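Please read the numbered points alongside the view below.

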Amino acid sequence: METLAFFAYALYLAIIVGGGFVAVTNPDLVRALVGLVAAMFGVAGMYFLMNAPFVGLMQLLIYVGAISVLIFFAIMLTRPPAGGEEQTPSTRRPMAVLAAAAPVALLGVICFKAFKQTVAVPDETGIKELGMGLLGTYGLAFELISVVLLVAMVGAVLLGFKRREEA
Amino acid sequence: MIDPQLLRILIALVGILGFVALNALALVYAERKIAGHVQRRPGPYEVGPHGILQPLADALKLMGKQLTTPRDADPVIFWLAPILCFMPVALCILPIPFGPNLIALDLNLGMVLILAFAGLGVLSICLAGWGSNNKWGLLGAARAVAQNVAYEIPLLLAVLSVAFMTGSLNLATITEGQGTWPWQWNVLLNPLGFIIYFICALAETNRAPFDLPEAESELTAGFHTEYSGMGFGLFFMAEYANMIVACSVATVLFLGGWNGPFAPGWWWFLLKMYALIFLIIQIRWTYPRVRFDQLLNLCWRWLVPLALLNLVYVTIIVKL
């Protein structure tokens, strides 16, 4: 069982890294999106491996099923040519690498410092406990996140309306 | 050495693929025959007695055809789309309890799994429409996105109302929560939820009167205009498999699953599921296609508010 889990881990890791690489480097936006979807699939697999099927399924439902479709819709509305000529000159690549590497390093350090390495797979948390936790213990953080999301959504609608008036 | 659970899933997947393929053959025949009788003609009649071998001939034709890729199409995305369309549907059938013990994967989150993988269908339609580099294909994809994203909301709300009633997302538990007789099924307590679910299921499976992504009179064939042979065949099989999933979920959520008077079992499940599929086919050949603004107005002005009201009604019922 343990070797199987190891192979699954390696497979998901390869999918995430490979998909992410395609998403970042491919000049064709839709192909980049396919890479992103693959990476999201890999992350969902990781959740399943960590015995958190609810989070894994939500990852699929929200990111693969909804967010990627919205990104696709945005690409379609802006109509880039299918050949992939929208790539910008890569003069700012060092800054981009730095911007990507900084949060990765920070999160990595926090993860290694805060969590001890464990071998045992954690027990599956039921949706009931998950719901109790979200609305009870972590209620304030949960509500704050929803307020942030609401503000972002209202802001996006507002910006959309402004654009339309100008045009 | 091999994990029995893994083996069970593998065997189930093979079984499901066989079931889906056979079912597609049967449903193609049923669809064409029903269409024929609705339009006062016999339907397929030449191949075999009463045309019963017609779907086999169709399948051989589809498999024998050359697979062509349009010149300016994106070959990777173009051929990824039909595979991505078909594979998740097979996974969606895994957690459906066909009988008391006839369930491939007894999962606490069975309903969520079906919803999660059903969402992949839209993505594959988008990729198909985009990858074929065809105006009709792209228009079909744009319609599919607007339609599926809109109708997913009332669909989720209708499913949620049943989850409130049963307190579970496990399809087997939901089935066991309903009794033997028809008046003990969820559809009686929650009829509005059933109607909303059914309308949304029609829209999510792209069946008429909501088949705008492939409206042949306006878009030739919409997102699968450019597909030949089994490329089209996979989309076709996925559509029928999607009908099975949608009708099975309706059977489990609202019609008591495999429960039935006198000898409950998988035959009751199949009877109810095929009755619903028959209804879907009849609707397709009875009603004209809706216009796109009608489609979206129906969803946002009627189905979403009604589904929300229904949710309030269900919470009151559960409390009582």
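Which element supplies the largest share of the lining of the second largest pocket?

1. The largest share comes from α3(A), with ten residues. The model is predicted, so local features need pLDDT of at least 70 and side-chain atom pairs count only at pLDDT 80 or more, while totals for chains, interfaces and linings use all residues. Residues are numbered from 1 along each chain as its sequence is written, chains are lettered from A in the order in which they are written, and side-chain values use heavy atoms, with hydrogens and water left out.

2. The second largest pocket has a volume of about 1900 Å³. Of its 41 lining residues, A:Phe54, A:Met58, A:Leu61, A:Ile62 and B:Leu156 are the closest to the centre. (On a 1 Å grid over the protein atoms alone, a pocket is an open set of points where a 1.4 Å probe fits, with protein on both sides within 12 Å along at least five of seven lines; lining residues have an atom within 4 Å of a point. The volume is the space filled by probe spheres set on the points, which are joined across faces, edges and corners.)

3. At least two lining residues each come from α3 (53-78) and α5 (127-137) of chain A and from α4 (110-118) and α6 (135-166) of chain B. Helices here are DSSP runs of H or I with at least four residues, numbered from the N terminus.

4. Between chain B and chain A, about 2400 Å² is buried, and carbon and sulfur atoms give 84% of that area. Buried area is the accessible area (1.4 Å probe) that two parts lose on being put together, summed over both. On the chain B side, B:Leu109, B:Leu123 and B:Trp130 lose the most area to chain A, together 26% of what that side buries. The contact (heavy atoms within 4.5 Å) takes 28 residues from chain B and 26 residues from chain A.

5. Zero salt bridges are counted between chain B and chain A, a salt bridge being a side-chain nitrogen of Lys or Arg within 4 Å of a carboxyl oxygen of Asp or Glu. Over all chains the structure holds three salt bridges. B:Glu31 forms one with B:Arg284, the closest N and O atoms being 3.3 Å apart. Because B:Glu31 lies in helix α1 (residues 4-38) and B:Arg284 in helix α12 (residues 266-286) of chain B, the pair ties together parts 253 residues apart in sequence.
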